[in-house]
There are 2 protein chains.
Amino acid sequence: MAQIIADRRDIDFVLYEQMQAEELSKSEIFSEFNKKAIDMIVTEARNIAIKELLPTQKDGDQQGCKFENGKVSVPESFHRAYQLFKEGEWVAMTEDPEWGGQGMPRTVALAAADYFNGANYAFMMYPGLTHGAGKLVEAFGTEKQKKLFLKNMYTGKWGGTMLLTEPQAGSDVGALTTTAVKNEDGTYSITGNKIFISSGEHDLVENIIHPVLARIEGAPAGTKGISLFIVPKIWVNDDGSLGQANDVVCTGIEEKMGIHGNATCSLSLGSKGKCRGLLLGGENKGMNEMFLMMNEARLLVGMQGLSCASSSYINALNYARQRVQGKNLLLQLSDPNSPSVPIIEHPDVRRELLTMKAYVEGIRSLLYYVGICEDRIRISTSEEEKAKYQGFVEVLIPIAKGYVTDRAFEVCSKGIQIFGGYGYIKEYPQEQLLRDCRITMIYEGSNGIQAMDLLGRKLRMRNAMSGLYEEGRKVIATAKEIHGLEDLASRLEKATEKLSKVGIHMGKTAMSFKAMNAFAFAYPFMEVCGDIVMAWMLLWRAVIAAPKLEKLVGANDFWERRSEIEKNRNAAFYEGQIRSAEFFIHSVLPMTMGKMESILETNSAAMDIPDISFGG
Amino acid sequence: MAQIIADRRDIDFVLYEQMQAEELSKSEIFSEFNKKAIDMIVTEARNIAIKELLPTQKDGDQQGCKFENGKVSVPESFHRAYQLFKEGEWVAMTEDPEWGGQGMPRTVALAAADYFNGANYAFMMYPGLTHGAGKLVEAFGTEKQKKLFLKNMYTGKWGGTMLLTEPQAGSDVGALTTTAVKNEDGTYSITGNKIFISSGEHDLVENIIHPVLARIEGAPAGTKGISLFIVPKIWVNDDGSLGQANDVVCTGIEEKMGIHGNATCSLSLGSKGKCRGLLLGGENKGMNEMFLMMNEARLLVGMQGLSCASSSYINALNYARQRVQGKNLLLQLSDPNSPSVPIIEHPDVRRELLTMKAYVEGIRSLLYYVGICEDRIRISTSEEEKAKYQGFVEVLIPIAKGYVTDRAFEVCSKGIQIFGGYGYIKEYPQEQLLRDCRITMIYEGSNGIQAMDLLGRKLRMRNAMSGLYEEGRKVIATAKEIHGLEDLASRLEKATEKLSKVGIHMGKTAMSFKAMNAFAFAYPFMEVCGDIVMAWMLLWRAVIAAPKLEKLVGANDFWERRSEIEKNRNAAFYEGQIRSAEFFIHSVLPMTMGKMESILETNSAAMDIPDISFGG
C-alpha cells in the first residue's frame with residue numbers, strides 16, 4: 001500500500017483556491033513566488049518527503065536513538081536524509097537568503113512542511129529546532145553573533161535546540177534555577193540541569209547551538225528575572241572556527257511513547273564549572289524574547305499534529321477501499337449470499353472517514369490561514385492592517401496548537417480503528433502515528449496552557465476577536481446566497497452568535513470572583529472556539545467549491561449530477577468539500593451547541609469538590 | 001509513588017452500598033459469600049495484584065514475549081506470578097468447584113478482576129482466555145471431554161485460547177476458510193491459518209487447549225456452516241495422559257502497540273496434514289456456541305478498559321497532589337510572589353481529574369451492575385425474572401464493551417496529560433496504560449460492531465429496553481425527593497425522555513429505506529446511550545451517598561459542612577459521589593443532548609458522499 005502522506009489536490013485547493021497564495025507574489029518581498037514557483041516547491045518537497053524521508057520513518061521508531069558515553073547517535077538512514085534536506089536548503093525556508101534562508105512565504109513553507117512532517121516528523125524536529133533557535137539569534141543577536149552562528153544554522157550545517165525545561169520547571173518556566181554569572185571577558189558561566197531537550201545531542205551535525213534560559217545572579221524571581229543565552233556545544237572562536245568542547249554534557253535520553261527518532265535529552269550545563277554562554281538580547285528579557293518565537297513554534301506543533309492526522313486519514317482511506325470484509329447491509333437483506341465488499345461501503349466506516357476528512361481539511365485550512373496572515377503582516381505597508389493580522393494570529397494560535405493537536409490525536413485513533421487489529425500492530429504505520437502524535441498535546445505549552453492563554457489573554461483582544469467574527473460572517477453571508485448552502489450558513493450563523501455570547505460570558509466570569517470557575521471551563525471554551533473555526537473553514541471551502549462544481553456538472557441536484565461526479569476528479573473533490581461542511585455542521589456542531597450550554601452554565605463542581613473527595 | 005490500581009473505598013461502595021452483593025448470600029448457590037467472605041476475597045486479590053502482579057507490568061511491556069523456532073517465552077517474572085495465581089485458584093473464580101472453580105458470584109469476581117487487570121492485564125489474558133475456553137468445554141463438551149480437559153483448564157494447569165480470526169476473516173467471522181474433515185476414529189483433521197490469537201503459544205503451561213472455528217466439508221457458506229472444535233496443542237489420551245504434539249505450529253507473534261506481555265500468535269493448523277481436533281457441541285452450531293460466551297468475553301474487555309482507566313486516574317490523582325508547579329491563579333493576582341502549589345489546585349487539572357473520576361466510577365458501577373444481573377439470573381427461580389435480567393445484560397453488553405472502552409481510552413489520555421512531559425516517558429506507567437488500553441476498542445468485536453449490535457439487535461428487545469428505562473426512572477424518582485439532587489434528577493429525566501425519542505426514531509429509521517443512514521448513526525447512538533447510563537449510574541451513587549452524608553455531617557449546606565468533610569474520609573467519599581453526578585449531569589450531559597439532536601436529524605452526508613470524493 002503506497003503511502004502518500006497528504007492529498008496534493010487538497011493542499012493545492014487551500015493554497016490557491018482558498019488562501020490565494022499566488023497573490024502574495026504581487027508584493028516585492030515575495031515577487032519570485034508565483035504559482036509556478038510555488039508548484040515547484042511543493043512538488044519537490046513532496047518528492048523528497050515520499051522518496052527520502054518516509055522510508056526513514058520506521059527506522060526512527062524501531063531503531064530510535066542510541067545513547068552512549070554522552071554521545072547520541074540517530075538511526076543510520078537519517079544521515080542521508082539529513083544531507084539531502086540540507087542540500088535542498090529546506091531548513092530555513094522562510095528566512096532571509098542573506099543568512100541561508102529561502103525567503104519563502106510562510107504559507108508555502110507550511111505546504112512543504114505538511115509533507116515533510118507527514119513523512120517523518122521525529123526527523124523533522126532536528127532541522128525544525130535549528131530553525132527556531134536560528135530565529136532567536138536573528139531576532140536578538142548582535143551582528144557579530146549573527147555572523148558567528150546564523151548562516152551555519154539556517155543552512156543546517158549546525159543544529160539548534162531550546163533549553164527551557166528543568167525538572168521542577170515545566171509549564172511554570174519562571175521556576176527555573178539555572179544560573180548565569182558574568183565573567184570578565186563578557187561571557188557568562190552557566191550552571192544548571194535541563195531536561196526534555198528535543199534534538200539536544202546527536203550526530204547529524206558538527207556543532208549544536210543551544211539557546212538557554214537562565215537567571216543572572218541577583219535577578220528578580222519568576223519570569224521577570226530570566227535571560228536568554230547562546231551556549232554552543234563546541235565553542236565558536238571569533239574567526240568562526242571551532243574551539244574547545246563547551247561544558248555541556250548529555251547525561252541521558254528519554255525512553256518515550258513515540259517520536260523515538262528524535263533524541264530527547266537531559267543536559268547538564270557547567271557540571272565542571274566550565275560552561276560558557278553569550279547573552280542573547282537583553283538582561284532579564286529572556287521570557288519576552290522567547291514569547292516572540294512562541295507563535296511560530298506552536299503553529300509548527302499544530303502542523304505536526306495535522307501531518308500525523310493527514311497521513312493516518314490517507315492510510316485509512318486507502319485501506320478502506322482495498323480491504324474486503326463483510327457484506328453490504330442492504331444487499332444482504334435481499335441476498336444473504338451477496339458478495340463481501342470493501343469496508344468503505346459500511347456506514348460506520350464512512351462516518352469515521354468523513355469525520356477524519358472534515359478535521360484534516362478544516363485543520364489544514366486553519367493552519368494555512370494563520371500562515372497567510374503572517375505573510376500579510378510581512379508584506380503589508382499599513383500598520384493597521386499589520387495589527388489586524390497580528391491580532392488574528394494571536395487569537396488563532398492557541399486553537400491551532402491546542403484544539404488542533406487534540407483533534408489530530410482523535411483522528412489518529414480513528415485511523416487505527418479503521419484498520420481493526422491491523423491498526424494495532426507495527427506492520428502498519430497507524431499505531432506509530434498515534435504514538436508520535438500524542439506528544440503534540442503536551443509540548444510547546446500543554447493544551448491546558450493553550451486554553452488558559454486563549455481565555456486569559458487572547459479573549460481580551462477585542463479588535464482581533466471581532467475582526468475574526470467579521471471574517472466568519474463574510475463567509476456565512478456568501479454561503480447564504482449559494483444554492484444548497486443556505487441552511488449550512490444559517491446554522492453556522494446561529495452557532496457563531498452563541499459563541500459570541502459565550503465569549504462575553506467567559507470574559508466577564510474570568511474577571512469576577514468566579515474566576516477559578518471560568519478557568520475550569522477554559523478548555524471547553526477552547527474546544528467550542530475550535531469547533532466554530534473548523535465549521536467556518538469548512539463552509540469557506542464549500543463556498544469556493546459549490547460554484548465550481550456547478551460549472552463542471554451543471555446546476556442539477558446531487559442524484560442527477562452524481563454520475564458526472566464519478567467521472568470527474570475535480571468535480572468529485574468539490575463535492576467532497578460540500579459534504580465535509582454538511583457533515584460537520586449537521587452532525588458535529590449540535591454537540592458544540594450543547595457544550596456552549598454547559599459553558600454558559602459554568603457549573604462549579606470541579607472547583608467545589610474538596611481535594612480529599614477525589615478519593616485514592 | 002505507590003500505585004494502588006483502584007480505590008478500595010469505591011469498590012466497596014459499589015459492591016455493598018450500590019449493588020448489595022452480600023444479599024446474594026441469601027441464595028443457596030452463593031450462601032458462602034457473605035460480606036466477610038467477599039471482603040476476604042477482595043483483600044486477597046488486591047494483595048496479590050499489588051505485590052505480585054503489578055511488579056511484572058513493566059517486564060511485560062519492556063521485555064515482551066520472545067518467539068524462537070515455534071516456541072514463545074513470556075517474561076521470566078510472569079512465571080512466578082502465574083504460579084501464585086494458579087495456587088490461589090483465581091483462574092475460574094465463578095465456575096463450579098467440581099471442575100476446579102470457586103463458585104463465586106460474578107460481581108465478586110469482577111471486583112477481584114478490577115485489581116488483577118489493573119496490575120497487569122496483558123498477563124491476565126493468559127488465565128482469562130483459559131477460563132473462556134473452559135467455559136466452552138463446560139457448556140458444550142461431552143462428559144468425556146469435560147473429564148479430559150476441564151479441570152486442567154479451570155485450575156490453570158493448562159491454558160486455553162480462542163481461534164476465530166483469519167487474515168480475511170476478522171469482523172466477518174463467516175468468511176473463515178479453515179476446514180475440518182471427519183476421520184474414521186471420529187476426530188477431525190483440521191487445516192487452516194489463524195491469526196491474532198491471544199495467548200496462542202507460551203511457556204506458562206504444559207498444554208494449551210484451542211477451541212477452533214472451522215468449516216466441515218460440505219457445510220453451508222457463511223456463519224451457518226461453522227463448527228467448533230477442540231484442538232489441543234499436545235494430544236490428550238483417553239486416560240488423560242499427554243500424547244504426541246498436535247500439528248499446531250506457531251509461525252510468529254505480532255509486534256504490537258501495547259500488551260506486549262501477551263503473545264499474539266499466528267497459528268498454522270495441519271500444515272503437515274496431522275492436526276487433529278474433536279467436535280465441540282453440534283455440527284454447524286459453532287457460531288451460536290461462540291455467541292453464548294460472547295457476553296462474558298465482552299464484559300471482561302470492558303473490565304480491562306476500566307482497569308487501565310482506574311489505574312491511570314489514581315496515578316494522575318497522586319501525581320496532581322504531589323507535583324508542585326505554577327501558582328494559584330487567584331492568589332497570584334494579589335501576591336505575585338505567592339508560593340507554587342500542587343497542580344491539583346489548578347482549575348484545568350481539577351476539571352480533568354473530575355472527568356476521569358466520573359467515568360471511572362460510572363463505568364465501575366455499570367460493569368458491576370451487569371455482574372449482579374448475571375448473578376440474579378443464576379439465583380432466581382422465576383423464569384420471568386431470569387428473562388428480565390438476561391435482557392438487561394444483552395442490552396448493556398455493547399455499552400459495557402464499546403462505550404466503556406472508548407471512554408477508558410480517553411481517561412488514559414487525560415491521565416497522560418496530567419503528568420505533562422512525564423506522562424509521555426516510559427519511566428511512569430501512564431503511557432503504557434494508554435497503549436495497552438487501545439486494543440480493547442478493537443478486539444472481541446470492534447466498537448463499531450458493538451454499535452451495530454446495539455442498534456440492529458438489542459434495540460429491538462423492547463421488554464429489556466423499557467425495563468432498563470424503568471430502573472433509571474426509579475433512581476430519578478428517588479433523587480427528586482432528596483435535598484440537593486432534585487435538579488440533577490429532572491435534568492436526567494429530560495435527557496432520558498429524549499433518549500427514548502431517539503431510540504424510537506432510530507428503530508424506525510433502521511427498518512426504513514434509510515437504514516444505511518441509521519447505521520451511519522449507530523455509533524453516536526451507542527454513545528448517547530452510554531452517556532445516559534453513566535448519568536444514571538452516577539445519580540444512583542449520589543442517591544445512596546446524599547442521605548449518608550447528611551447523617552455524618554448534618555443537613556448543612558456545602559460550605560458549612562466542608563470542614564467536617566475534610567476531617568471525615570467517609571463523608572469526603574460521599575461528597576465526592578454527589579460531585580461526580582453534578583459534574584457529569586451539568587457539564588457532560590448538555591453535549592449528549594446536542595448529540596441526540598444530531599441523531600434525530602440523521603443527516604445523510606456520510607452515505608451520500610461518493611467514494612471518490614473522499615479524496616486520496
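At what angle do helix H9 (residues 347-379) of chain A and helix H10 (residues 383-419) of chain A pack, and how far apart are their axes? The two helices pack at an angle of about 155°, and their axes are 8 Å apart. The model is a predicted one, in which local features need pLDDT of at least 70 and side-chain atom pairs count only at pLDDT 80 or more, while totals for chains, interfaces and linings use all residues. Residues are numbered from 1 along each chain as its sequence is written, and chains are lettered from A and ligands numbered from 1 in the order in which they are written.

**Helix packing in chain A**

- The angle makes H9(A) roughly antiparallel to H10(A), given that angles over 145 degrees count as roughly antiparallel, under 35 as roughly parallel, 65 to 115 as roughly perpendicular and the rest as oblique.
- Axes are lines fitted to C-alpha atoms, for helices over the stretch in contact, and angles run from 0 to 180 degrees between N-to-C directions.
- The contact of H9(A) with H10(A) is made up of 20 nonpolar, four polar and six charged residues, where Ala, Val, Leu, Ile, Met, Phe, Trp, Tyr, Cys and Pro count as nonpolar, Asp, Glu, Lys and Arg as charged, and the others, Gly among them, as polar.
- Helices (H or I, at least four residues) and strands (E, at least two) are DSSP runs, numbered from the N terminus.

**Gly132 of chain A**

- Gly132(A) lies in helix H5 (residues 106-140) of chain A and is buried, with 21 other C-beta atoms within 10 Å; a residue is buried if 20 or more other C-beta atoms, placed from the backbone, lie within 10 Å of its own, exposed if 12 or fewer, and partly exposed in between.
- Not counting residues up to four places away in sequence, Gly132(A) touches Gly160(A), Met162(A), Met293(A), Glu296(A) and Ala297(A), contact meaning that the C-beta atoms of two residues, placed from the backbone, lie within 7 Å.

**Interface between chains A and B**

- On the side of chain B, 90 residues are in contact with 90 residues of chain A, and helix H18 (residues 569-601) of chain B gives the most to that side, with 17 residues.
- By class, the side of chain B that touches chain A holds 43 nonpolar, 23 polar and 24 charged residues.

**Strand S5 of chain B and its partners**

- Strand S5 (residues 188-198) of chain B is mostly covered, with eight of its 11 residues buried.
- Strand S4 (residues 179-182) of chain B runs antiparallel to S5(B) and is joined to S5(B) by four bridges, with Val181(B) opposite Ser189(B); two strands pair if DSSP finds at least two bridges between them.
- S4(B) and S5(B) form a hairpin with five residues between them, and in the turn Gly186(B) has a positive phi of about 90°.
- Strand S11 (residues 264-269) of chain B pairs with S5(B) in the antiparallel sense over five bridges, and Ser198(B) stands opposite Thr264(B).
- Strand S12 (residues 276-279) of chain B also pairs with S5(B) in the antiparallel sense, over two bridges, and Tyr188(B) stands opposite Gly277(B).

**Positive phi in loops of chain B**

- Gln20(B), a residue other than glycine, has a positive phi near 50°; Gln20(B) lies in the loop between helix H1 (8-18) and helix H2 (35-53) of chain B and counts as exposed, with 12 C-beta neighbours inside 10 Å.
- Asn284(B), a residue other than glycine, has a positive phi near 65°; Asn284(B) lies in the loop between S12 and helix H7 (286-322) of chain B and is partly exposed, with 17 other C-beta atoms within 10 Å.
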